[in-house]
Amino acid sequence: MADAARYHRLQRRLSLLGFVISTAYLLALLFTPEGRALARWAAGRSESRVVAVALAAILLVGVHAVPSVPLGLIRGYWLPKRFGLLHQPLAAWLMDRGKAALLGGALGLAAIETVYALLALTPLWWLWAAAVFFVAQVALTAVLPIWIAPLFYRLTPLADERLGARLLALARRAGVEAIGVFVADQSRKSRTANAAVVGLGRTRRIVLFDTLLADFPPEEIESVLAHELGHHVRDDVRRGLLVSGVVSVVTFWLAGLALDAGVPLLGLDGRADPSGMPWLALVLVALALVQLPLGNGFSRWLEQRADDFALATTGDAPAFIAAMERLGRLNLAEPSPSRFREFVFYSHPTLERRIARARASLA
């Protein structure tokens, strides 16, 4: 427990440092002569709007990478390794991070190009942007197990036919159809354990970390899986997508108002001027910060409902409690953070609260 508290405390401090660095960087680009000159230089290197937007985005991300890459190395590799969570070699970890950066960079650039194309085309760019992002999010959810997960994990069918049949029977009992049970080779990277039900419709499948199979008895694996099935039974995937879509509409609308206000303030050549990209980024960061506790509160509500579903479906509260305790130890979960930290930062109820609720169901 002391290690978990210290680990999360250090992660929060590093996260805060990263936020301060990012904010200071954007403010420097916007409100120092050198920063504004640099942003205008990148945006004016080509007469093609597509190329100008790409160059401005590359500058924005590239310069920011100078402090953020070492910080990411500390947060993502050194600290988890120091506390025993991670045992992946550095070269393999860097390979995973490189693939994630390439994928995220390609998707991010496509998103930025889409936003700036819409900014130039219509005053209702914010509504169209939210619609495009919603469709993209649905598509990514569907193809995650087919195209994205295999980039980072080797997924193989579960060899234990008896356990596979047991888990598929649990899924059918819950009313969730899955094409099979697959195992992800998490032990290559970390000791952390989990399960997931990923994909939509015909791409939906059950995925278990091999660490879960190695360390948990079948009844505890069922409890972990039943929680994940609860999200699908309660339609949390669709509910989450719809809420995300509404949040996107509001976010882009507010960002549009701020962008319009920034045109005269920063001397931009209209809202679609690529040199205003740092301002748009700063506004989006501020809006994300406001949304953080609201989004986490919504997520905690969904997670609590999924816990309740797991307890009702399996009828095995002791197995659920044992699974939560084992997951807490393996994943180095902070068992009882302050209510403020839970309110702002936690997407799940605290481990202590989840176990107490399960124990209450036994009364």
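Author: A residue counts as buried under 20% relative accessible area, as exposed over 50%, and as partly exposed in between. The model discussed here is predicted.

Reader: Is Leu-332 buried or exposed?

Author: Leu-332 sits in the loop between helix H11 (317-331) and helix H12 (339-345). Its phi is positive, about 55°, although Leu-332 is not a glycine. The relative accessibility of Leu-332 is 8%, so the residue counts as buried.

Reader: Which residue forms a salt bridge with Asp-235?

Author: Asp-235 has 29% relative accessibility and therefore counts as partly exposed. The closest N and O atoms of the pair are 2.5 Å apart, and the partner is Arg-238.

Reader: Are Arg-357 and Asp-308 buried, exposed or partly exposed?

Author: Arg-357 has 38% relative accessibility, so it counts as partly exposed. For Asp-308 the value is 27%, which means that this residue too counts as partly exposed.

Reader: Which residues are linked with Arg-12 in a network of salt bridges?

Author: The side chains of Glu-334 and Arg-341 meet in a salt bridge of 3.1 Å, N to O. Glu-334 counts as buried because its relative accessibility is 6%, whereas Arg-341, at 23%, counts as partly exposed. The residues linked with Arg-12 in the network are Glu-334 and Arg-341.

Reader: Which residues does Glu-220 touch, leaving out those up to four places away in sequence?

Author: Glu-220 is placed in helix H8 (residues 218-233). At 5% relative accessibility, Glu-220 counts as buried. Beyond four places in sequence, its contacts are Ala-319, Ala-322, Ala-323 and Arg-326.

Reader: What span should helix H9 have, and how far apart are its end C-alpha atoms?

Author: Helix H9 covers residues 236-266, and Gly-267, just after it, takes a positive phi of about 70°. At 1.5 Å a residue, the 31 residues of H9 should span 45 Å. This agrees with the distance between the end C-alpha atoms, which is 42 Å.

Reader: Which helix gives the most to the lining of the second largest pocket?

Author: The second largest pocket has a volume of about 930 Å³. Its lining takes at least two residues from each of helix H1 (2-31), helix H3 (49-82), helix H4 (90-121), helix H5 (125-148), H9 and helix H10 (277-314). The most comes, with eight residues, from H4.

Reader: How many charged residues are in that lining, and which residues lie nearest the centre of the pocket?

Author: By class, the lining of the second largest pocket has 20 nonpolar, 10 polar and no charged residues. Of the 30 lining residues, those nearest the centre are Ala-111, Ile-112, Phe-133, Ala-281 and Leu-284.

Methods
Residues numbered from 1 in each chain as written. Predicted model: local features only at pLDDT ≥ 70, side-chain atom pairs only at ≥ 80, totals over all residues. Heavy atoms only, no water. Helix = DSSP H or I, 4+ residues; strand = E, 2+ residues; numbered from the N terminus. Buried < 20%, exposed > 50% of the residue type's maximum accessible area, 1.4 Å probe, protein only. Contact = heavy atoms within 4.5 Å. Expected span 1.5 Å × (residues − 1). 1 Å grid on protein atoms, 1.4 Å probe; cavity = no way out; pocket = protein on both sides within 12 Å on 5 of 7 lines; lining within 4 Å. Points joined across faces, edges and corners; volume = space filled by probe spheres on them. Nonpolar A, V, L, I, M, F, W, Y, C, P; charged D, E, K, R; others polar. Salt bridge = Lys/Arg side-chain N within 4 Å of Asp/Glu carboxyl O.
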